[in-house]
Amino acid sequence: MRGTPIEQASGTLKVSTRGPGFTDITTKVADWLTEIGATDGVAHLFMRHTSASLLIQENADPDVLRDLVDALSRLAPEGPHYRHDSEGPDDMPAHIKAMLMPVSVTIPVASGRMRLGTWQGIYVCEHRARPHTREIALHYMGARAG
Amino acid sequence: MRGTPIEQASGTLKVSTRGPGFTDITTKVADWLTEIGATDGVAHLFMRHTSASLLIQENADPDVLRDLVDALSRLAPEGPHYRHDSEGPDDMPAHIKAMLMPVSVTIPVASGRMRLGTWQGIYVCEHRARPHTREIALHYMGARAG
Amino acid sequence: MRGTPIEQASGTLKVSTRGPGFTDITTKVADWLTEIGATDGVAHLFMRHTSASLLIQENADPDVLRDLVDALSRLAPEGPHYRHDSEGPDDMPAHIKAMLMPVSVTIPVASGRMRLGTWQGIYVCEHRARPHTREIALHYMGARAG
């Protein structure tokens with residue numbers, strides 16, 4: 001890869017969520033990389049919210065994702081013990097979950113494809129009870145075709 | 001952004017903490033990016049310690065941050081069940097908290113400004129009981145003005 | 001660093017784990033950076049699995065790492081309450097642990113050395129009960145010697 005000029009590109013992905021759970025964005029990120037002509041470099045994803053997260057997790061058995069949602073609820077239960085309660089009982093647990101999960105993820109790209117493992121998908125994880133529109137900032141740094 | 005040469009810059013941010021809790025470093029990071037002439041690229045932040053963390057979280061209601069500190073104490077309580085206790089009862093819980101929170105964060109930058117969401121602030125989270133001076137390694141990769 | 005051309009390099013690190021616990025890969029990552037002539041830039045590490053993690057933690061007292069393994073088991077215990085149980089009782093807890101810990105880590109590099117703190121080591125954290133071979137995608141972006 002030596003000598004190839006490094007370029008960059010940025011974008012935004014908007015994702016509509018349907019309450020607690022995971023939305024697979026792997027294909028959308030891959031499509032964006034294709035669109036900008038990414039070949040070899042790194043893709044940076046950044047969640048622009050404090051009550052939703054990015055996660056790279058198993059994409060085979062959907063039960064895994066359901067169990068992960070339950071596990072998050074056990075780690076950050078709703079309850080009367082929070083000072084911050086003005087935005088509903090699900091808000092403070094949502095912030096705690098966001099604290100424990102990635103806000104930014106960096107994925108190497110080779111020959112135009114993300115170097116994800118066989119079972120890895122990229123997800124937006126919604127922590128609030130109600131649907132939201134979430135923005136993910138995308139950035140690519142590396143070689144570009146064309 | 002195509003064709004603009006990619007350059008880089010590095011720096012160090014020193015932050016004095018006052019025991020468990022959050023210190024907002026958003027403005028300091030933004031000022032550093034302005035100082036080095038960052039325009040479009042990515043900012044990498046790296047915490048050079050194992051008992052403090054970086055966190056991007058809500059910057060509106062300070063009660064959120066207090067509740068986050070409490071939540072961390074519930075997830076990693078002090079107690080007699082740790083092998084490692086030579087550095088005080090707060091040390092092992094601090095390592096556990098650091099394991100669960102980011103050591104590095106990457107934030108896209110556009111037109112000289114970090115692409116943070118409206119309610120996102122960047123924080124140093126101190127996990128030890130006593131004040132410490134914490135070093136954050138800063139790195140910028142992208143286009144630079146001037 | 002201005003004006004120095006930015007180049008990149010990518011690689012793969014294969015690590016054999018021995019069941020739950022930490023494997024120090026600091027020297028291997030440092031050696032790779034030396035091998036590719038890294039001088040000033042950033043190193044990106046990416047775990048290509050959903051039941052193992054990357055972690056930067058204390059490298060002095062091995063008891064810290066043992067206590068961290070115990071803490072993870074308390075946060076994500078085995079039990080009959082998971083839907084996903086077809087891959088053994090340790091599989092779903094492994095996914096939960098992987099959700100709570102980094103899949104990607106970015107470390108600034110200066111004068112050929114990672115800017116790790118004095119007590120920071122880079123670890124592969126195995127969450128499954130049995131030994132596995134884990135692949136970590138490596139990427140370097142920055143100036144290169146030679």
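**Notebook: strands and sheet of chain A**

I began with the pairing of β3(A), residues 38-47, and β8(A), residues 133-144: eight bridges join these two strands, and they run antiparallel. The model is predicted, and I read every entry with that in mind. L45(A) sits opposite L138(A) in β8(A).

Next I traced the open sheet around this pair. Its five strands follow the order β1-β8-β3-β5-β6 in chain A, with antiparallel pairing. I noted β1 (7-16) and β6 (113-114) of chain A as the edge strands, since each pairs on one side only.

Then I checked what lies on the sheet. Helix α1 of chain A, residues 26-35, packs there and touches β1, β3, β5 (104-110), β6 and β8 of chain A. The direction of α1 makes about 150 degrees with that of β1(A).

I turned to β7(A). Which strands pair with β7(A)? I found β2(A), residues 21-24, pairing antiparallel over four bridges. I also found β4(A), residues 52-58, antiparallel to β7(A) with seven bridges.

Is β7(A) enclosed or open? I looked at burial, taken as under 20% relative accessible area. Seven of the seven residues of β7(A), 120-126, are buried, so the strand is largely enclosed by the rest of the structure.

How values were computed
Residues are numbered from 1 along each chain as its sequence is written. Chains are lettered from A and ligands numbered from 1 in the order in which they are written. This is a predicted model: local features need pLDDT of at least 70, side-chain atom pairs count only at pLDDT 80 or more; totals for chains, interfaces and linings use all residues. Side-chain values use heavy atoms; hydrogens and water are left out. Buried means under 20% relative accessible area, exposed over 50%, partly exposed in between (1.4 Å probe, protein chains only). Two strands pair if DSSP finds at least two bridges between them. Contact means heavy atoms within 4.5 Å. Axes are lines fitted to C-alpha atoms, for helices over the stretch in contact, and angles run from 0 to 180 degrees between N-to-C directions.
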